[in-house]
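Dear colleague,

Please find the structure below, followed by some notes on what was found in it.

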Amino acid sequence: MKTSNCNGREEGRKKETSSNIDSEFNQTIKSVEGFLRGGRFPDKVVQIQESEPLSEYDTSICSLGVASCHSYNDLGLSEPIHSSFERESASPSNTISNSNCHNLKLPVPKNGSTSRTLQRFISGARATDSARVARFRKELSVRTVILETLRELSWSGIPPYMRPDVWRLLLGYTTPNSDRRERVLKRKRLQYVDCVSQYYDIPDSERSEDEINMLRQIAVDCPRTVPDITFFQHVEVQKSLERVLYIWAIRHPASGYVQGINDLVTPFLIVFLSEHLQENMDKWSISDLSPSKFSNIEADCYWCLTKLLDGMQDHYTFSQPGIQRLVFKLKELVRRINEPISRHMEEEGLDFLQFSFRWFNCLLIREIPFHLVTRLWDTYLAEGDALPGFLVYIFASFLLTWSDMLGKLDFQEMVMFLQHLPTQNWTHQDLEMVLSRAYMWHTMFESSPNHLA
């Protein structure tokens, strides 16, 4: 009898869950249809890249593409999107002009059949993975890669086995011309070996006191880098991080070494090691690599870190003005998107600098599970020089993921919550939701003259 009751309750829960999913799906359809009347969907939001197997439930949700995240509740707005579009476009100081809407890329249905357009859209999203892999192959097979096309394609995720080559191209470390690519790589890798000999493999007697202190600080920070991943506790890996960080700091005296830069090396190290080491990262061993291969990987990490930080070096100079500027923009953007949460945080005395400084300093590496970091960085690197500005939108989306929870917390509770965000069970689906909202808000607000007013 007890077994029968348990089975009955289980079936009831399944029916309720199914009903909730269907209800959410229908609401999503209505919300997106409303948006389609006023504008077009960006391709890059549509093309969701999943690099882990999906369950039946995940597949049903993922098949929606971004449709499931564009209901007005998910976007953090207080009203349906199409209503906002219609009112704002009618305003003299329009936040979103009609011309902005037309810059988005999904064709507006001429006959008004938004449902059919959306269904084609969803059907296409189900097939994006294989289609996008084919597009990557095509783009990378040409003699001279068109970087803008590659950036647009990479924004929604890069197939893992293509990621090393694509990252090198997106960062400008290697040349788009395939005939010269290997020669450039060889020259840059040899140049890094020379730097190791010149700056690192020398006795302390040849270093200044500041350089000795800096090297000591780096040596302290390396064991703290991604401490929950066993691979990074290997002595060889920590020594490699130490060399990369020290040489970068010596060659960039305007900033020198700043805590947090150590985190930024780790995605590069994992991606470039994945070219040579198979299986799960927990089973990787540096001893399986020849010294020359490991030297090449380390050199690639150094040059890619250099390229990344060239576009945001004022984030790490004295008093880190670049980060302070972006924290201010984040505060203003959150106020524009979700004024009640912004007001609540202000009334409780919570300063954005108290929690978001680490986000900008470490680019969210410490806030999300490490297996999601490389996917997030696909989008980072695809943004190119525009990355610092786009970080504001990603972090606003990340913060407002928990808007309902934050509205119920006092100052102390918010501080503790934001320092230990419950992302440990996040999947690629959660990350795609954050990125989709960020792109939507960027499209809506970036070109608005009053968006920081």
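Tyr200 is buried, with a relative accessible area of 11%, where buried means under 20% relative accessible area, exposed over 50% and partly exposed in between, with a 1.4 Å probe and protein chains only. This is a predicted model, in which local features need pLDDT of at least 70 and side-chain atom pairs count only at pLDDT 80 or more, while totals for chains, interfaces and linings use all residues. Residues are numbered from 1 along each chain as its sequence is written, and side-chain values use heavy atoms, with hydrogens and water left out.

Tyr200 lies in helix α10 (residues 178-200); helices (H or I, at least four residues) and strands (E, at least two) are DSSP runs, numbered from the N terminus. Apart from its neighbours within four places in sequence, Tyr200 is in contact with Cys195, Arg207, Leu215, Lys239, Glu242, Arg243, Tyr246 and Ile247, contact meaning heavy atoms within 4.5 Å. For Glu242, which is 42 residues from Tyr200 along the chain, the C-alpha separation is 9.4 Å.

For the chain as a whole, the secondary structure comes to 22 helices and 0 strands, and buried residues make up 52% of the 453 residues. Of the contacts with a separation of 6 or more, 74% are between residues 24 or more positions apart.

Turning to helix packing, the axes of α13 (residues 261-273) and α14 (residues 291-310) come within 9 Å and cross at roughly 135°; axes are lines fitted to C-alpha atoms, for helices over the stretch in contact, and angles run from 0 to 180 degrees between N-to-C directions. The two helices α13 and α14 are therefore oblique to each other, given that angles under 35 degrees count as roughly parallel, over 145 as roughly antiparallel, 65 to 115 as roughly perpendicular and the rest as oblique. Their contact involves residues including Phe268 and Phe272 of α13 and Asp300 and Cys304 of α14, and its residues divide into 14 nonpolar, no polar and 1 charged (Ala, Val, Leu, Ile, Met, Phe, Trp, Tyr, Cys and Pro count as nonpolar, Asp, Glu, Lys and Arg as charged, and the others, Gly among them, as polar).

Helix α18 (residues 373-383) and helix α22 (residues 428-445) pack at about 25°, with axes 10 Å apart, and α18 and α22 are therefore roughly parallel to each other. Here Arg375, Leu376 and Thr379 in α18 meet His428, Leu431, Glu432 and Leu435 in α22, a contact whose residues divide into 3 nonpolar, 2 polar and 2 charged.

Best regards
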